[in-house]
Each structure stands twice: as structure tokens, then as C-alpha cells.
Amino acid sequence: MISLQILQQLFPKGRQDMLQAFASQADSVLADFGISNTTNRLQFFLAQIGHESGGLTVVEENLNYSAQRLTQVWPSRFPTLGSAQPFANNPQALANKVYANRMGNGTPDSGDGWNYRGRGYIQITGRDGYRNVGAAIGIDLVNNPDLAATPADALPVACGFWKWKSINAACDEGDFVKVTRLINGGTVGLADREAWLAKVRAVLKPASGTPPATSAPSTKDDIRRVQLALQSRGFPSLTADGIMGPKTSAAIDTFRRSNGLPPGSIDAALKQALNIS
């Protein structure tokens with residue numbers, strides 16, 4: 001499904017060792033974590049790692065800042081140039097200061113901040129993150145944190161993060177902003193993430209010659225009955241309001257794909273699969 005050619009279209013500046021390892025693992029690893037099971041899951045995953053890794057060009061957090069930049073990035077920690085100077089262009093000291101005593105890390109002297117700095121396609125950060133992601137994929141990342149940034153393990157690690165944060169569920173709701181919050185803690189870089197999503201959708205568009213499903217006219221009652229049926233089939237967050245909004249469209253797309261139906265909206269095939277007339 002995800003070939004080297006597709007990855008090169010998506011991530012033309014990506015590191016070749018990363019692209020090749022990704023392509024060799026993609027079909028099995030993404031299936032193991034249920035990410036390739038639906039359109040939304042796969043597209044959201046590829047878009048988010050596109051943003052987080054700069055198109056598979058960055059797999060380790062850059063902590064090499066000037067003193068002036070430190071006062072801008074962490075103004076509460078470095079209110080003056082003088083306070084920032086000891087950590088300027090000193091990534092290890094900086095990591096040990098700004099990541100100390102949180103995310104499961106110890107004090108600055110423990111070295112945890114540096115040992116568990118951001119790594120991977122989705123940059124996991126902090127001892128707790130490394131422990132939880134490692135547990136999700138059966139790798140001891142606490143004692144081997146560098147594995148998170150290797151070609152062989154970067155994809156499983158990203159999928160482990162996805163599993164740890166239960167991101168598939170947010171994908172199934174069609175909520176890309178919620179997915180962003182689960183990854184980032186906020187919505188930093190949302191516009192770029194959405195641009196990546198548009199690119200992913202363009203590259204992964206259905207092959208030419210794939211006929212769209214024939215859609216019957218959808219009345220408000222049609223939509224409401226479909227929404228009610230989908231609610232009982234794993235989409236409890238849908239509101240049965242008879243409005244074809246983005247969440248309803250995403251749920252229909254997910255259900256159709258999961259049940260082997262061709263692309264489309266509300267048609268006879270969908271209604272039959274949902275046991276509604």
C-alpha cells in the first residue's frame with residue numbers, strides 16, 4: 001500500500017535510509033497498529049509525521065539556540081540574556097534544565113532531560129514517554145533511547161506513540177484538531193499540519209478507474225438514520241441531527257472503507273451494510 005515511490009512523493013527531501021526502512025515496514029507495521037485500516041487513520045498519521053519530522057528529515061530535537069532565541073522560546077525560564085547565556089549553543093545543558101523534574105524526568109543532574117529529548121517521527125520526550133511508547137511496542141526505550149531515531153525503529157516508535165495516546169479513536173471521529181492536540185498538547189503548527197494533510201490526500205487519491213459509488217439523494221431523514229446506525233457501530237460521538245457535517249462524512253468514509261465499500265456517501269450499499277432501508 002505505502003511503497004517507496006509513494007513515500008518519495010510525500011517526502012521528497014526525506015533521508016533515504018529512513019524512506020527505505022519506512023517502505024519496507026509500512027504495510028505490516030501500520031496494519032499491526034490498525035493505522036492502515038481506515039482512510040482517516042492513515043492520512044492523519046502520514047500528515048502528522050510529515051509535520052513533526054519535517055518530511056522525514058528531522059528525527060532528533062534541535063536544542064542548539066542562541067541566547068537571544070532562548071529568551072523568546074522560554075521567556076519564563078530565561079528572562080534575560082544573562083540567564084540564557086550559559087545554555088546558549090549548549091544543547092545538553094539546555095535539555096537537562098528545561099526538561100528537568102517533569103515528564104518523569106529527574107533533576108538536571110540526572111541527565112534525563114538530555115537522555116530523553118525529542119526523538120523519532122513523532123518526537124517523544126521525557127522518561128515517561130519513552131517508557132510508555134516502549135511498552136506499546138515491546139522495546140526497552142528507557143535504557144536504549146537512541147533507538148527512537150533509528151531507521152529500523154522510528155516507524156514502530158511513532159506507531160507506539162499513536163497507540164499510547166489512543167489516536168485512532170480521534171481519527172475515527174474525523175477530528176484532525178483533536179489528533180493534533182493529542183500529539184502536541186495544543187495546536188502549534190496546525191496550518192502546516194493541515195497543509196500536509198492536503199498533500200497526503202492528493203498523493204493517496206484513489207487510483208484512476210476506481211468508480212465512485214452511486215449516491216442516492218440524501219434527505220435530512222436519510223442522514224439522521226445513517227447517523228443513528230453509525231452511532232451503534234463505533235461512532236458514539238456523532239449527533240443524529242440530519243446534517244452532513246465533517247464528522248458524519250468522516251464516519252461514513254471510515255465505515256465504507258472498513259466494510260469493503262467503494263468511495264462514496266449515502267447510497268444503497270451503505271444502507272444495506274448498516275441494515276437500514
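1. Let me begin with Ser-53, which sits in the loop between H3 and helix H4 (67-73). Bear in mind throughout that this is a predicted model. Ser-53 has a relative accessible area of 0%, so it counts as buried, the cut-off being under 20%. Its side chain reaches the backbone nitrogen of Leu-56 at 2.8 Å. Beyond its neighbours within four places in sequence, Ser-53 is in contact with Val-58 and Tyr-121.

2. Next, the chain as a whole. The secondary structure comes to 15 helices and zero strands. Along its principal axes, the C-alpha trace spans about 70 × 40 × 30 Å. The chain has 277 residues, and 46% of them count as buried. If we take the contacts between residues at least 6 apart in sequence, 55% join residues at least 24 apart.

3. Which side chain does the side chain of Arg-41 meet in a polar contact? The partner is Asp-172, at 2.7 Å. Setting aside residues up to four places away in sequence, Arg-41 touches Gly-34, Ile-35, Trp-162, Asn-168, Cys-171 and Asp-172.

4. Cys-171, one of the residues that Arg-41 touches, leads on to the cysteines. How many disulfides does a search of the whole structure find? The search finds zero. Cys-159 is in no disulfide, and the nearest cysteine sulfur to its own, that of Cys-171, is 11 Å away.

5. On to the largest pocket, which has a volume of about 790 Å³. Its lining is made up of 30 residues, and those nearest its centre are Glu-52, Gln-123, Thr-125, Ile-183 and Asn-184. Helix H3 (39-52), H8, H9 and helix H11 (176-184) are the elements that give two or more residues to this lining. H11 gives the most, with four residues. By residue class, the lining divides into 14 nonpolar, nine polar and seven charged.

6. Helix H6 (residues 91-98) is worth a moment as well. Its buried residues are Leu-94, Ala-95, Asn-96 and Val-98. What do the buried residues of H6 pack against? They pack against H4 and helix H7 (112-115).

7. Finally, Ala-152, found in the loop between helix H8 (127-137) and helix H9 (154-164). With a relative accessible area of 47%, Ala-152 is partly exposed, because that value falls between the 20% and 50% limits. Its C-alpha atom is separated by 22 Å from that of Gln-43, a residue 109 places away along the chain.

Methods:
Residues are numbered from 1 along each chain as its sequence is written. This is a predicted model: local features need pLDDT of at least 70, side-chain atom pairs count only at pLDDT 80 or more; totals for chains, interfaces and linings use all residues. Side-chain values use heavy atoms; hydrogens and water are left out. Buried means under 20% relative accessible area, exposed over 50%, partly exposed in between (1.4 Å probe, protein chains only). On a 1 Å grid over the protein atoms alone, a cavity is a set of points where a 1.4 Å probe fits but cannot get out, and a pocket is an open set with protein on both sides within 12 Å along at least five of seven lines; lining residues have an atom within 4 Å of a point. Grid points are joined across faces, edges and corners, and a volume is the space filled by probe spheres set on the points. Ala, Val, Leu, Ile, Met, Phe, Trp, Tyr, Cys and Pro count as nonpolar, Asp, Glu, Lys and Arg as charged, and the others, Gly among them, as polar. A polar contact is a pair of N or O atoms within 3.5 Å; within protein, one must be able to donate a hydrogen and the other to accept it, and residues adjacent in sequence count only if both atoms are side-chain atoms. Contact means heavy atoms within 4.5 Å. A disulfide is a pair of cysteine sulfur atoms within 2.5 Å.
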